[in-house]
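Let's take a friendly walk through the aromatic side of this protein. Have the coordinates open as you read.

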Amino acid sequence: MMDTKKKFSGAMQVGLFCLFMLCLGCNGGGGDDSSPDTPAAPAASTVSGKIIISSGNLADSDTNDLNSPVTENNRFGSAQQISSPSTLGGYVNEPNTGAEGRSFYQGDRSDIYSVHFTGDETISLSFADFFSNDLDLYLYNDASVLIDSSKDVAGVETLKVGAPGKYYIRVYAYSGASTYILTMGKNIPVPLNPGMTLGGDFVPGEAIVGYKSTDKAIGALAAGEPGQGGEPVLVKFSSANRSIGSLQVNVEKSNSETAALIPNASDMQLEKDRTLNMLKALKARADVAYAEPNFIRKAYATNPSDPHYASQWHYPLINLPQAWDTSVGSSNVVVAVIDTGVLLAHPDLDNRLTAGYDFVSDPDNALDGNGIDNNPNDPGDQRNGSTSSFHGTHVAGTVGAATNNALGVSGVAWNAMIMPLRALGKDGGTTYDSIQALKYAAGLSNDSGTVPSKRADIINMSYGSTSYSQAEQNTINAIKELGIIMVAAAGNESTSQQSYPAAYDGVFSVSAVTMEKKAAWYTNYGSWIDIAAPGGNSSADLNGDGYPDGVLSTSGDDSSASIQFLYTFLQGTSMAAPHVSGVFALMKSIYPGLTFDIVTNLLGKDSLTDDTGASGRDDYHGHGLVNAQKCLAVATELAQGIQTADPARLVASPAAVNFGSSARSLTLTVTNGGSGDLWMDPPVSSLFWLTIARDKTDAGNLGAYVVTANRSALTENTSYSGTITLTSTANTLEIPVTIYEPSSSAANGDLGSHYIQLVNTDTDTTSKPLQVTVNAENGEYAFSFTDVPAGTYRLFAGNDPDNDGYILGSWEASGGYKTVELPTVIQVNGDISDLEFFTGYNFAISAPTMVKPKSGSGLAY
């Protein structure tokens, strides 16, 4: 049906975990070129298809959107049943806050969910614009008794679930109005300093406060002692008095509201809850630098590793942990990343970058006010106020984010240096700008009039188009002769048409695989593919960690007034290529003489890869999936002239199997992560509802297995868990297995009303005939546009839980054909049917620092 109100995408307010394929000299990917001899089109056409809900994605049943079906979930008796692992998007608001809509006047402060946990799981809540809004997270047992709550003010709340059983989760609007993402599952990273949780071990009625000046000495007011600016002061307050000396802090909730939030609470819980509310109010004051609980200290072991490494499944997939035992790279090796530039101030890229350059020559495309300059910082590629991709920052983080620094994520080559080169702007880039960046990276004469102090050893190019350039091929030929290794993404159009620079002679072309080591649905393929690497699949969550199976790396978000440093999940061959570049950098650190010809010879001998596709070289995997351990073993042999052999070790992918609420069969692949002999007993599981069958295995029982769940044997509205045991001559693995059987009356997937738009690429605007509103049926959104004029279009879709009139925002479900960032252009010359793409939530993990606000960012009506 047609929409009753207009929803604007601002042409493209993009999400954070979308598949990328940045293009040179085109408007968004292969297949964009239109012929001037296109025959006259019919007066009007029909464009139709369906949008599929990504696996494990759920939605709040009572949002602010006037068009979405509503089922109230504000009370324990009407709690919305959901499953874990899963990801849910929703909206809560205080009365008269947020956009006008269904809940504006009366408010919708609480969303309550009922969920069966299998034990040892994590609940994570993130929400928008935490400078203006504050949401809290509560966890109750089956009897509605409070277990724990998280009440921080930093935009992320996290709680742990220990024992299996039925629980209630409440998302509560402490102040303001906001969309949110609720993530549940195993192995979700917990913040290094969760702090503001009811279950935390702190002294009730006390706080440690640092204030910004001595003019308002909170410590002096509370303790009668003079305070120094920024120095910690112990503040004490009683449950009966909500003021500290003359400092008034309004934090009291009404008795009825407190009783509803923490029913049957103990006196200790009530006092600790009041303390957390006092801390919230203190943190909100302009004169307070920080306010925190007075924690009770006990001895504990610290983990110095990167907190989100557990979510980087793509590294164990290529045996990187074993490779790191050999080398973590060298600062003498430089990897040039030619892309959109890099957020130079990202905390996980600190001290990881060499001097670079910006070669985007068109000021309108550059968005930094000028042409080429010596500042490769990414100003964003916003179009009409949309969120930027920060594509180059993500690629750079995979190559070599700061690692083992107790912050964020890990990179492939810990110590290799990254040379940031900007050749792509808001509309992609040009072949000429790309050539100049290539020349600079190689230390050749270029338009900047300068060269780096040390030229690059590896060049990564996660961009492309279908247009061949002789000038670019000539440049690559010259660079290859210098011994520099070049790596490029194969492209995301799921076509065999060659993409450049990946298909040039002298460049290693990288295709993408998923967690199951299968070719990704979007990856390009053909005889020109050299090697495969993890690119991910953001529509799935096979390991049940509550996050999409995309590649996690450094990124940013400029949808609000400040650029926030984040870590995001993206999918695409753009994400696969830097895995290979990083591994080659590790090889180069061991054997500096590594060249394109040597790598080509090793690929032909299957010395660097695992054969993951059809036997031998194939068009989807090339010579196979890169194996970092093999690569470093070969590099060591080359450097030392001796044979090295790593011990045999059984590895499995995925490391955990999650059927979610609908899957019936999945693939489990077991391989030898070393180089010695290895045999494995057939997989064993005592789960009555699980069967394991061979798919493609060898004499040692290694290979692919199909794991099938018999859902007819399961009880509705129940979660199950167990293990698959893999025993080998080297080691034994226990693979966790989880499944949820929903009620037969439960909806088959619904992310709320979706507003679907065809955007004319010539005008970048939409009109009412090119927008439809669709509700989900059986987990899909079927759509049809009629009377579509001939022309070129892009296709977007998204929900609008906050009813602000915009789609494709952060913390909202969104999708685009075939990508959101730079979607495939659709040429309408007649009826088009069977268009398909996914919709799901945007994912971002916060970093601890921000940079100064950007002017003019964000969308306006």
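How many aromatic pairs does a search of the whole structure find? The search, run on a predicted model, finds 27 aromatic pairs. A pair of aromatic rings is described by the distance of the centres and the angle of the planes.

Take Tyr357 and Phe359: their ring centres are 5.0 Å apart and their planes meet at 35°, so this pair is tilted.

A second example is the pair of Tyr468 and Tyr500, which is edge-to-face, with 5.4 Å from centre to centre and 80° between the planes. This pair links distant parts of the chain, as its members are 32 residues apart. Tyr468 belongs to the loop between strand 20 (458-461) and helix 8 (470-480), while Tyr500 belongs to the loop between strand 21 (485-489) and strand 22 (507-513).

Phe76, Tyr138, Tyr140, Tyr168 and Tyr172 are linked into a cluster by ring pairs.

| Lysine | Ring | Distance to ring centre |
|---|---|---|
| Lys272 | Phe202 | 4.7 Å |
| Lys280 | Tyr174 | 4.5 Å |

In the case of Lys280, the charged end sits over the ring of Tyr174, and Lys272 lies over the face of Phe202.

Conventions:
Residues numbered from 1 in each chain as written. Predicted model: local features only at pLDDT ≥ 70, side-chain atom pairs only at ≥ 80, totals over all residues. Heavy atoms only, no water. Phe/Tyr/Trp six-rings, centres within 6.5 Å; stacked < 30°, edge-to-face > 60°. Helix = DSSP H or I, 4+ residues; strand = E, 2+ residues; numbered from the N terminus. Lys NZ or Arg CZ within 6 Å of the ring centre and 35° of its normal.
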